[in-house]
Amino acid sequence: MSGPGFLLSSWPWRSAGYLLTGAVTGAVALVLIAATAAAGAVLAVVLVGIPLLVLAALAGIPVAWVERHRMRLIDADPAVDPHRAPLAHGLWAWLTTRMREQATWRELGHALLFAVLLWPVDALVVAVALLCPLSMAATPLLMATVGGGQEAKVLKQWTVTTWPAAFGIAVLGVVLLTLGAYALGVVAGARAGLTRLLIAPREAELGSRVVELTRSRLRLVDAFESERRRIERDLHDGAQQRLVGLTMTLGLARLDAPPGPVADQLARAQEEADTVLAELRELIRGIHPKVLSDHGLPAAVADAADRSAIPVDVDLALSGRLPQAVEAAAYFVVREALTNVARHSGASRAEVSGGHRDGRLFLQVRDDGRGGADARAGTGLTGLADRVSALDGRISLSSPPGGPTLLRVEIPCVRTDRSA
């Protein structure tokens, strides 16, 4: 408002629109709340009015919803919705959740204050700062049309009968309209600030929501890892064992069959079964390797390094076990990084190092390749970053052209005493 372009900008009219819509919304809210509460009080003796009283108690929710949308006229950062999502579906779950929230009762208090006091103030400010100056500025026009060039009523209070007086009143109206534009901006800003104070979530509520979101995200990660381990066990103990049995049966049948076309078919069938078994074992290892569950992250990383297409040096200073979700995320980051090194970097050697200190797991994957790796180029690092961020961790990549490439992983966690 202190800038010279305020009067020529849209802000005075946006402020006027905010206050004008506030006057209309407040009047409507007053009528609806009063009618609902009155009808509920009268009919409460026959129990029909109880739902109406509940509806009146919840009147602050739609009023606050309208207010949050109206605030966009003058506020680039409108208040966020403070309500939590119900834990179950249905009207009863929604109703009990809303009745237990402090935000519902704050919004009811705001709705009552809005319906009784604030909207008349909005209407008064619009009338004094906008409508009255506009009416004064239009005095010559009114004199030329309605007054037949003889006279004009100024605010319906006094009569102007000469043209000089009419133009003088018009000039005064323009001056007052200029001052009123600043008044509209001040009042609209104050009204928006008061509304935000009443209906925006408190810092404690935001903090609790962040904590709950973090916990729910960790629960989802744990559930995801548990499901992966269940699938791995089912494949390992079910389909893999059946394929092993099938391979042995085909081998015995091949030994018993006489030389000829039947023996050749059995040999090819046994080779196919061996191939499928090898692919299934690789799939099981990719879902959740058994060595990770049994012996922990260092052993799983060493196993991945042994199966890498290029030589990999491993230096992990880890004692004890880490949370299962952390071990799984760290292992798959290392495995994906080594896969990318073998496929894209042209490196002759790689190194995996890391440890646990200050309550955080640190991992580094370095290679001597050509560099120039880009996480946005579809190398799978974006998905790994999302997986690590679900554990409140982070990934950083340094890969200048010409190399070397260094991938850093950092995940907050504590050691556990769970057995292998």
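Predicted model: local features only at pLDDT ≥ 70, side-chain atom pairs only at ≥ 80, totals over all residues.
Residues are numbered from 1 along each chain as its sequence is written. Local features need pLDDT of at least 70, side-chain atom pairs count only at pLDDT 80 or more, totals for chains, interfaces and linings use all residues, and side-chain values use heavy atoms, without hydrogens or water.

**Stop 1: the helix pair**

Select residues 11–43, helix α1, and residues 49–57, helix α2. Helices here are DSSP runs (H or I, at least four residues), strands likewise (E, at least two), numbered from the N terminus. The axes lie 7 Å apart at an angle of about 150°. Each axis is a line fitted to C-alpha atoms over the stretch in contact, and angles run from 0 to 180 degrees between N-to-C directions. The two helices are therefore roughly antiparallel (over 145 degrees).

Now show side chains. On α1, pick Thr-36, Ala-37, Ala-39, Gly-40, Ala-41 and Leu-43. They meet Gly-49, Leu-52, Leu-53, Leu-55 and Ala-56 of α2 (contact: heavy atoms within 4.5 Å).

**Stop 2: the hairpin**

Move to β6, residues 394–398, and β7, residues 405–412. These strands run antiparallel, joined by 5 bridges (pairing takes at least two DSSP bridges). Find Leu-397: Leu-407 of β7 stands opposite. The hairpin has 6 residues between its strands. Click Gly-402 in the turn; its phi is positive, about 95°.

**Stop 3: helix α12**

Select residues 324–345. At 1.5 Å a residue, these 22 residues should span 32 Å (1.5 Å times one less than the number of residues). The end C-alpha atoms of α12 are 30 Å apart, which agrees.

Terms used:
Parallel < 35°, antiparallel > 145°, perpendicular 65-115°, else oblique.
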